[in-house]
Amino acid sequence: MEMGEKMNKEALVVCSDKSTCIGITVWDLETGEQLLHIPTCAAAPHGLFCLRNQFIVASQSNRHGSFGGGSIFIWPLNKPQSPLRSYTLEAMGPISCTKDGLYIAGGAPSGNAYLWEVTSGRLLRTWHAHHKSLKCMVFSDDDSLLLFGCTDGIISVWSMISLVDVEDSGSSPSLLYYSSEHRSSITGLVTMSAGARSIFISSSLDGTCKVWELVSGRHLQTLVYPMSVTAIALHPLERLLFSGSVDGNIFVNVLDIGAVEDCFITTEDQAFVLKVHNESITALTFSGFHLISASEDFTFCLWDTINRVVLRRFNNRKGAVTNMVVIKQSSLFPISNHQRVTHQFQVSLLQKYPQPSNPGKGMATFLSFPASRSKPPPTHFLGNNLLDHLISGSEQEEQTPAMLQTKLEKNIDDRLWVTSMTKHVMEISKHLQCRLLDMMQCRLLCNPYEPDSSPKKKRHKIQSQNQTPTEQSQ
């Protein structure tokens with residue numbers, strides 16, 4: 001019985017984005033003891049998660065923003081060793097993974113988004129998701145959709161089917177829909193099921209939380225708060241929304257989705273407030289039915305939300321906690337060789353650049369084409385894209401207006417992709433030229449001029465001495 005309780009106990013993983021010296025700390029929520037410390041980590045907000053309850057994954061903060069490249073570190077929880085360091089093309093902000101742990105997505109301050117396959121490390125897709133910085137992201141409960149929240153209040157929703165299609169990785173994926181209802185930066189995204197439909201909730205610095213229908217993107221409700229909302233979390237069973245504000249208060253609202261739609265709800269009168277923090281709330285999460293809140297006041301608290309009291313208060317004197325993840329304490333235990341072979345999930349270095357797709361693979365992992373489509377292509381079929389195949393087959397039958405329009409649109413997409421790649425190559429070439437000029441200038445400034453006793457200058461002096469005064473004057 002005691003061993004079973006120990007296996008079910010949970011621990012809290014916390015880190016900050018202020019300095020790599022703070023690192024990652026794992027705490028026992030029941031006793032308040034420190035179980036593990038991982039040095040050299042500073043993860044951006046929404047830049048920490050647990051992969052299949054076996055690995056901790058963190059995007060490393062970059063003071064220079066998106067430029068200069070970035071990195072994603074992966075630590076195994078059950079054995080102390082150096083992390084798997086994957087270096088990315090630009091610094092990553094928020095990162096997330098699908099529920100099955102097969103894919104990792106990352107967002108950059110430049111607005112670019114990245115999608116990797118975990119087991120192979122392959123960079124399946126990189127695309128420009130928005131022209132502003134990506135601040136948070138979340139996958140839907142069934143992993144079919146990927147949601148991004150941006151600094152200008154835009155929320156964009158993308159289909160995973162189009163993102164993992166490696167045969168079409170050269171073109172930009174199609175945006176499912178987007179919303180521009182918020183007036184300031186998005187600070188949190190959470191998903192939930194409400195009866196027969198799926199919804200998601202967004203929080204923003206504009207002082208509102210909005211409820212949306214996930215599939216259609218229809219706006220259902222708006223919760224209005226007196227202060228900017230900096231973090232949100234949902235109760236695992238009850239329809240309770242916990243919203244942390246910039247003044248340290250945590251508002252608790254009951255979500256009644258079916259009763260009222262398309263309305264503004266002022267939360268001051270109907271929400272009860274949890275008060276213990278003195279500064280802005282940085283993160284909220286749940287351990288079982290207990291709420292955990294972190295603040296800029298260098299503390300994080302474990303709450304009994306029913307009695308509205310703090311069960312335990314932790315002090316993180318090195319810096320404010322900006323990321324929190326709850327894990328099973330059993331994931332920290334060493335495993336036997338047999339368990340390692342049967343249960344250990346394989347992770348690989350995440351690729352920095354996209355690689356050419358394998359025509360025989362179709363789509364990555366669970367989106368492979370049926371066997372009937374895997375037969376060798378005809379000689380006139382030059383590409384491996386399904387759209388090319390359809391167009392090529394139609395040319396043998398008849399040139400319908402619809403097919404001509406499809407072919408024209410594809411040619412335009414191909415031309416746009418070639419143009420963007422050309423610009424990218426030109427930018428890289430320009431950057432390399434500047435670096436080369438800088439290196440040449442540094443070499444000229446650092447190396448002194450050669451003395452006059454060099455053979456070349458000696459020859460020049462002898463020739464000048466042999467010349468007549470008239471020749472020298474000329």
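**Rings, burial and confidence**

Mentor: Start with two residues: Trp127 and Phe148 are both buried. Keep in mind that this is a predicted model.

Trainee: What makes Trp127 and Phe148 an aromatic pair, and of which kind?

Mentor: Their ring centres lie 6.2 Å apart. The limit for a pair is within 6.5 Å.

Trainee: Where in the chain do Trp127 and Phe148 sit?

Mentor: Trp127 is in strand 11, residues 123–128. Phe148 is in strand 13, residues 145–150. They are 21 residues apart, and the pair links distant parts of the chain.

Trainee: Why is the pair of Tyr225 and Phe251 called tilted?

Mentor: The centres are 5.4 Å apart, and the planes stand at 55°. Stacked needs under 30 degrees and edge-to-face needs over 60. Tyr225 lies in the loop between strand 19 and strand 20, while Phe251 is in strand 22.

Trainee: How do you know whether Tyr225 is buried or exposed?

Mentor: Its relative accessible area is 7%. Buried means under 20%, so Tyr225 is buried. Phe251 has 6%, so Phe251 is buried by the same cut-off.

Trainee: How many aromatic pairs does the structure hold?

Mentor: Ten. Ring pairs also link Trp27, Phe300 and Phe314 into a cluster.

Trainee: What makes Arg308 count as a charge over the ring of Phe272?

Mentor: The charged end of Arg308 is 3.7 Å from the ring centre. The distance limit is within 6 Å, and the charge must also be within 35 degrees of the ring normal. Arg308 is listed as sitting over that ring. Arg85 lies over the face of Phe73 too, at 5.1 Å from the ring centre.

Trainee: Which residues does UniProt list as "repeat: WD"?

Mentor: The unreviewed UniProt entry lists 127–160, 179–222 and 274–304. In the model, residues 127–160 are 56% strand and 3% helix. Residues 274–304 are 65% strand and 0% helix.

Trainee: Where does pLDDT stay under 50?

Mentor: Over residues 359–398 and over residues 448–464. Where pLDDT is low, the predicted coordinates should not be read in detail. The chain as a whole averages 80, and 71% of the residues score at least 70.

Conventions. Residues numbered from 1 in each chain as written. Predicted model: local features only at pLDDT ≥ 70, side-chain atom pairs only at ≥ 80, totals over all residues. Heavy atoms only, no water. pLDDT = per-residue confidence, 0-100. Contact = heavy atoms within 4.5 Å. UniProt positions renumbered as here; feature names shortened; annotations may be inferred. Helix = DSSP H or I, 4+ residues; strand = E, 2+ residues; numbered from the N terminus. Phe/Tyr/Trp six-rings, centres within 6.5 Å; stacked < 30°, edge-to-face > 60°. Buried < 20%, exposed > 50% of the residue type's maximum accessible area, 1.4 Å probe, protein only.
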